[in-house]
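Hi everyone, thanks for having me.

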Amino acid sequence: MIGAAEKKLYDAASNGDVTAFQEVVEEDAYLLEEATFACSRNLLHIATMRGQARIVEEVLNINPQLARSLDSQNSSPLHIAAAKGNVDITQKLLSVAPQMCWKLDCQNMNPIHIAAMNGHVEVLKELLQTNCLPAMERVHRGQTVLHLCVKHCQLEALKILVEKLGDLVDAKDEDGETILHWAVRTRHFEIIRYLVEGNKMKKLTMNSMDKTEWQILIESHRDTTDDYSEIEELLLRLWDGSMIKVLPKMSDVTMVVVVLIATMAFQAAVSPPGGVWQDDSSTHKAGEAVMASTHPKIYKHFVRANTTAFVSSIVTIFLLTTSLASRSIYFLIIPYYTMWASLASIAVSYGVSVTVISPNTQTQSGHHIIRMVVVVSLTIYGMIPVGFCIYECTPRGRP
């Protein structure tokens, strides 16, 4: 319970009544220092909360030490001014206690953190002009002040801080996430565009879960925002050599597939369908493919398809086992195209082999075989988007 004098002082500070304030202070000069209100706040806290700049100035003229006082939340008047966005009061407090920029409240945040997360740009400018170093302090789970800006969608505050603290842009929190990870996860399109188009972020990076910003995006559902395509396009600009790490499992699978195809193609070359001649004659020599003599046209298709499968598999293996794929996106994409070429070629080779060794099919041409393989492949590939559409249209949570 506060006394009558404290109540009068509180009302004067809350209402900005300078005359009443001066009268109370003249009656008891020690009351200003001794008066304590809810949450252990002094009169300077109250005046700052109410935005009464003239009362703040009067208090600081009488007792500037109150600017260093903390309430029960470990907040100084400067913390409160930063939260309220009052530039005038911030300037007055900084003039007498600039060191309070370093003070952390119970949430381990200093006034710069608070101004940034609330988007009070002018206050933020004043604080940074006094000292930029407190902005380097980390908060919960190693997050930076830039993480706070993204988390609370404060683009203008982020721009100011990036200009002042450029090296902090690539900083990661304890989960290994940069501000771009956060921006993608929370779908802050304008922030993503600023970071990418402004060339603030140079490349995609991996967090502690081995996920890049790209993976975070594709794991989310497209229908959660209208900006999915735009975000996807922006992230593609950052797709560089580091993206070889984006799909490590897929790269491993690709390697297994192409090694298997190369083995099959090699085996088909040395042991062609129908076998090889065991003796010499006027039309052939021992070791030559029987199919080359009995089905010369089809054999040409077989050799071309088998050679294509083998060579494209070797190219894929070379790209995946060298450092080329870590230098450019093009060397990352090429292995997947060559893998599909290997699959298509080995399919043609299979069709030719079946035609040659099966009864009643010898009259079929190589072109017919190729058409058959193409039709079957397109049918299978066409089922993929259909299946995807069915999956997307199925309500989540149902079997």
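Because its relative accessible area is 30%, Asp-175 is partly exposed. Buried here means under 20% relative accessible area, exposed means over 50%, and partly exposed is in between, with a 1.4 Å probe and protein chains only.

Before I go on, some housekeeping: this is a predicted model, where local features need pLDDT of at least 70 and side-chain atom pairs count only at pLDDT 80 or more, while totals for chains, interfaces and linings use all residues. Residues are numbered from 1 along each chain as its sequence is written, and side-chain values use heavy atoms, with hydrogens and water left out.

So which partner does Asp-175 have? Its side chain meets Arg-141 in a salt bridge, at 2.8 Å from N to O. That pair links distant parts of the chain, 34 residues apart: Arg-141 is in the loop between α9 and α10, and Asp-175 is in the loop between α11 and α12. When I say salt bridge, I mean a side-chain nitrogen of Lys or Arg within 4 Å of a carboxyl oxygen of Asp or Glu. And the helix names come from DSSP runs numbered from the N terminus: helices are H or I with at least four residues, strands are E with at least two.

Stay with Arg-141 for a moment. Its side chain also meets Glu-174 in a salt bridge, at 3.9 Å from N to O. Glu-174 sits in the loop between α11 and α12 and Arg-141 in the loop between α9 and α10, so this pair ties together parts that are 33 residues apart in sequence. Glu-174 counts as exposed because its relative accessibility is 54%, whereas Arg-141, at 36%, is partly exposed.

Where else does a positive phi turn up? Asn-199, also a residue other than glycine, has a phi near 60°. You'll find Asn-199 in the loop between α13 and α14 (213–219), and it counts as partly exposed at 46% relative accessibility.

Now, how many salt bridges are there by this rule? The count comes to eleven. Glu-57, Asp-88 and Lys-92 are linked in a network of them. Another joins Glu-156 to Lys-159, with the closest N and O atoms 3.7 Å apart. Those two are three residues apart in helix α11, so about one helical turn separates them. If that's new to you, an α-helix has 3.6 residues a turn, so residues three or four places apart point the same way. Both ends are partly exposed: Glu-156 at 47% relative accessibility, and Lys-159 at 30%.

What about the buried residues of α11, which runs over residues 155–164? They are Leu-155, Ala-157, Leu-158, Ile-160, Leu-161 and Val-162. They pack against α8 (111–117), α9 (121–130), α10 (145–151), α12 (179–185) and α13 (189–197).

Ser-76 counts as buried because its relative accessibility is 0%. Leaving out residues up to four places away in sequence, Ser-76 touches His-45, Ala-67, Ser-69, Leu-70 and Met-100. Touching, or contact, means heavy atoms within 4.5 Å.

Let's zoom out. The protein chain has 20 helices and zero strands. Of its 399 residues, 43% count as buried. Take the contacts between residues at least 6 apart in sequence: 67% of them join residues at least 24 apart.

Last stop, the later part of the chain. In an unreviewed entry, UniProt lists residues 253–270, 307–325, 337–357 and 369–391 under "transmembrane region". A caution on such records: annotations may be inferred rather than shown by experiment, feature names are shortened, and positions are in the numbering used here. In the model, residues 253–270 are 100% helix and 0% strand, with the end C-alpha atoms 26 Å apart. Residues 337–357 are also 100% helix and 0% strand, and there the end C-alpha atoms are 31 Å apart.

One more residue before I stop: Ile-334 lies in helix α19, residues 329–357. Ile-334 counts as partly exposed because its relative accessibility is 35%.
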